[in-house]
Amino acid sequence: MVSKKFLVSTTVMLASAWSIAGAQNASAVKGNVKGNGTTVWGKHAAMTVVTEAPGSIASRSITKTITSTNSNAAKTNIPDSGLVKIFSNLASEYPNGEFWCCTGYNIMGPSSGVGEQWMAAAFTVHANHTATKITVAVGYSQGTINGAVLGLKDDNNGIPGTWLKSWTLSGLPTFGTCCALVSGSDTSGIPLIAGQQYWVVLKTNASQLDTVDAWNVDDTDQVHPRKLAVFPGAHNAWYVFKATPGLAFSVEGSN
């Protein structure tokens, strides 16, 4: 049986699809994302609202407190050759196609008209590193404030855990266009431990209550599922699932 929450989200998404899909200029239609949510399509872009399935593996409650906030984020699509690539699924050798322009997962505030949704993407460090730059493919669609919060969390038994760093982003590119990227930098660095899983997170804050953004999917791997998480999931906690393709981002730093 489809939950009431799922039906309400779908209806509202369709009603606001003109602005949600960014560059689109045609009426939207809906469709299901296998097992996890609903997608709204337009002529050129699509967004996904994730709904948790029964028996979610995420059972822990989390705090919404951000431990640190900076505003030194900047749009760029030029790789920093002086940094070590700790993780990346960006197609950096293709500046006109570093990510898939026109499909993404919603990042929404609680007053968006659809409800709140944050997203997180997991990566595992294979050697000790110090992260100094996190880059994401994210676009603005609608709302009073054009922005989002980008952050890095450690892992708490398979779900996003404690905040390690966060940045307040502003002036995001329009969702449905390619290929500006948005980054947060920390010159002091964030220590990452070999073999540990970490989570890159995109969310909204108290000034972005009606904001609707989208985190673009990557276009480098359409075979291997990536571990993602959505909040709020079951019991107001993170819900973890796997999807192909994953969310587009990179983590850079030093040895």
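Which residue stands opposite Phe123 in S13? In this predicted model, in which local features need pLDDT of at least 70, side-chain atom pairs count only at pLDDT 80 or more and totals for chains, interfaces and linings use all residues, the residue opposite Phe123 in S13 is Tyr198. Residues are numbered from 1 along each chain as its sequence is written, and side-chain values use heavy atoms, with hydrogens and water left out.

The protein chain contains 2 helices and 17 strands; helices (H or I, at least four residues) and strands (E, at least two) are DSSP runs, numbered from the N terminus. Of its 255 residues, 51% are buried, where buried means under 20% relative accessible area with a 1.4 Å probe, protein chains only. The accessible surface of the chain is about 11200 Å², and carbon and sulfur atoms account for 53% of that surface; areas come from the Shrake-Rupley method with a 1.4 Å probe. Where contacts (heavy atoms within 4.5 Å) link residues at least 6 apart in sequence, 76% join residues at least 24 apart.

An open sheet is formed by 6 strands in the order S11-S10-S13-S7-S15-S16, with antiparallel pairing; two strands pair if DSSP finds at least two bridges between them. S11 and strand S16 (239-243) are the edge strands, each pairing on one side only. On average, neighbouring strands of this sheet are turned by 25° against each other, direction ignored, with axes taken as lines fitted to C-alpha atoms.

Strand S10 (residues 147-156) is joined to strand S11 (residues 159-170) by 9 bridges, and Asn156 lies opposite Ile159 in S11. The hairpin of S10 and S11 has 2 residues between the strands, and Asn157 takes a positive phi near 55° there. S10 also pairs with strand S13 (residues 197-203) over 6 bridges, in the antiparallel sense; Leu202 in S13 is the bridge partner of Leu150.

Strand S7 (residues 118-124) is largely enclosed by the rest of the structure, because 6 of its 7 residues are buried. S7 runs antiparallel to S13, with 6 bridges between them, and antiparallel to strand S15 (residues 226-231), with 4 bridges. In the latter pair, Ala120 stands opposite Ala229 in S15.

Conventions
Buried < 20%, exposed > 50% of the residue type's maximum accessible area, 1.4 Å probe, protein only. Axes fitted to C-alpha atoms, helices over the stretch in contact; angles between N-to-C directions.
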